[in-house]
Amino acid sequence: MTEVAWIGAALTAARPQAVAALLRYFRDLDVAEEAFQEASLRALKSWPVNGPPRDPAAWLIFVGRNSALDEMRRRNKHDTLPDDDVIPDAENNEAALVERLDSSAYHDDVLRLLFVCCQPDLPATQQIAVALRIVSGLSVQEIARAFLVSEAAMAQRITRAKRAMAESAVAFETPGPVERAERLTTVAAMIYLLFNEGYSASGGEAHVRVPLCEEAIRLARLLLRLFPSESEIMGLTALMLLQHARAAARLDANGNIVLMDDQDRRLWNHDLIAEGLILVEKAQRSGVPGPYQMQAAIASVHARAVRPQDTDWAQIDQIYSVLEVLQPSPVVTLNRAVAVSKVRGPAAALQMLESLAQPLAGYFHYFGVKGALLKDLGRAAEARVAFNQAIALARTPAEAAHIRMNLDRLNT
Amino acid sequence: MFYCILCYNLESEIDAWTREKWAAVLAKRETVTHKLAAEGRLGPVGRLMPTTTAMTVRASREALVLDGPFAETKEQLLGFYLVDCKSLQDALAVARDLVGDTGALEVRPLATFYPGIGLQSPLGTSPLPRFQ
């Protein structure tokens with residue numbers, strides 16, 4: 001590992017906290033980002049010589065703040081450039097600084113930074129893109145590649161999103177408990193959108209984009225370290241860990257989707273599963289159930305089954321019944337129908353689908369499930385109609401290919 | 001004499017490590033541990049799961065179970081137990097049994113475990129300090 005590479009990891013790790021603190025200080029995202037950028041450049045010069053600081057985030061906040069203040073003075077007074085050595089040596093001041101950082105509410109800083117990316121007027125993909133740029137520090141080129149769009153198009157999207165963010169009023173006071181809870185909910189939703197963007201790409205060729213999933217997990221862990229008692233953040237982290245654990249088994253060598261029942265479970269990442277299972281149990285202890293915890297609990301039932309036939313579908317059905325109350329949605333009912341088909345048979349499941357026909361008329365998975373149930377009931381002609389409707393709604397070639405495979409099976 | 005070597009680092013930074021960095025770190029450690037094992041000197045080695053999985057049982061009138069790792073800096077690390085538990089609940093029950101009138105026990109699952117070569121203890125087994 002080269003020096004630049006370890007500094008890169010340190011900068012990536014420190015970035016959310018440092019940019020968040022600089023944002024609180026300057027109350028301007030552009031200034032905060034520039035200050036962090038400048039501090040990073042100085043780190044690249046200073047750290048190889050002096051070694052890594054004990055608290056890189058504190059170092060970057062300190063140096064970033066001073067350099068931005070100098071920049072402002074320079075602009076205001078048209079002064080001559082101050083020498084580099086005018087800036088106080090951060091190393092020497094670090095101890096005092098760390099003390100101040102510990103006592104400050106920096107977890108609210110990071111939450112605020114994530115929250116400002118979640119502008120409700122912006123489409124979800126723009127919220128994610130701007131969070132990847134600002135919080136994660138991915139380059140526009142990297143984000144464009146992850147979303148499979150041109151760099152110019154992505155740059156334009158991010159600029160537009162940032163303008164919307166600059167115009168919105170963000171409270172810089174320490175949030176009260178209610179506001180903090182609201183922010184956490186909004187931010188959790190954005191992180192899960194980011195994960196889903198990587199897990200089931202909404203368009204384009206790639207079906208599983210691992211870096212986006214891993215970045216989502218990294219952000220969730222960061223949030224959970226800052227808010228260790230938030231059971232829904234535990235649930236969200238667990239859910240993503242348990243889903244991501246199956247990534248290596250989800251596509252075959254040709255890039256076709258492999259359904260969970262057909263996956264080689266030895267390819268599942270059992271380290272991630274172990275961590276996910278603990279977080280599910282930890283969240284359950286809180287006694288405050290929530291949608292992410294319930295979805296994680298369902299994923300944990302799958303994860304515990306050594307073979308597909310070991311899956312406790314009755315338990316999954318039961319958890320879905322709780323989720324239907326916590327978060328009523330036709331998609332939840334559709335998923336429950338799959339569990340019901342395993343416990344009570346395809347006819348009972350198909351009956352559940354009747355009420356979903358209208359709300360899910362444009363939903364790929366609805367027709368995929370419907371086709372599969374009809375197939376199981378031996379109603380091949382109706383199954384074919386449903387599968388064809390699914391293909392028309394497929395968002396990726398892998399989704400379409402999977403349904404075509406089902407159609408081929410119908411024909412034999 | 002047995003020595004416990006405890007690993008500390010910034011977890012946020014570990015989270016940002018690339019696969020190459022992980023491979024490099026583990027390769028370096030393995031050259032050392034292989035040598036120690038060959039010399040018959042290596043005891044159990046474990047990597048802990050992230051602190052996000054941790055809980056803390058703090059001594060109180062009734063033992064308090066808290067989310068998150070042990071976070072205070074006033075107390076010092078004095079020892080550890082390695083226990084095979086069926087679940088987090090099971091592990092917390094053990095910690096509740098163990099916890100004294102003061103102090104805290106952090107309960108954290110292991111991510112990886114290597115049992116070592118089965119060292120013969122040169123130490124006493126009394127839980128009390130020797131001068132008593």
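Which residue is the bridge partner of Met55(B) in β4(B)? In the predicted model described here, local features need pLDDT of at least 70 and side-chain atom pairs count only at pLDDT 80 or more, whereas totals for chains, interfaces and linings use all residues. Residues are numbered from 1 along each chain as its sequence is written, while chains are lettered from A and ligands numbered from 1 in the order in which they are written.

The bridge partner of Met55(B) in β4(B) is Val107(B). Helices (H or I, at least four residues) and strands (E, at least two) are DSSP runs, numbered from the N terminus. Strand β2 (residues 55-58) of chain B pairs with β4(B) in the antiparallel sense over four bridges; two strands pair if DSSP finds at least two bridges between them. Strands of a sheet pair through backbone hydrogen bonds, either parallel or antiparallel. In chain B, three strands form an open antiparallel sheet in the order β3-β2-β4. Its edge strands, each pairing on one side only, are β3 (64-67) and β4 (104-107) of chain B. From one strand to the next, the twist averages 20°. Helix α3 (residues 88-98) of chain B lies across β2, β3 and β4 of chain B and runs at about 165° to β4(B). Axes are lines fitted to C-alpha atoms, for helices over the stretch in contact, and angles run from 0 to 180 degrees between N-to-C directions.

The contact between the chains takes 20 residues from chain A and 23 residues from chain B, two residues being in contact if their C-beta atoms, placed from the backbone, lie within 7 Å. On the side of chain A that touches chain B, the elements that give two or more residues are α1 (3-26), α10 (210-226) and α13 (270-285) of chain A. The largest share of this side, six residues, comes from α13(A).

Within chain A, helix α17 (residues 346-353) and helix α18 (residues 364-376) pack at an angle of about 145°, with their axes 9 Å apart. Pro346(A), Ala349(A), Leu350(A) and Leu353(A) of α17(A) make this contact with Lys370(A), Leu373(A) and Asp376(A) of α18(A).

The mean pLDDT of chain A is 87, and 90% of its residues reach 70 or more; pLDDT is the predictor's confidence in each residue, from 0 to 100. Over residues 84-88 of chain A, pLDDT stays under 50, and the model has five contacts beyond four places in sequence for these residues. Where pLDDT is low, the predicted coordinates should not be read in detail.
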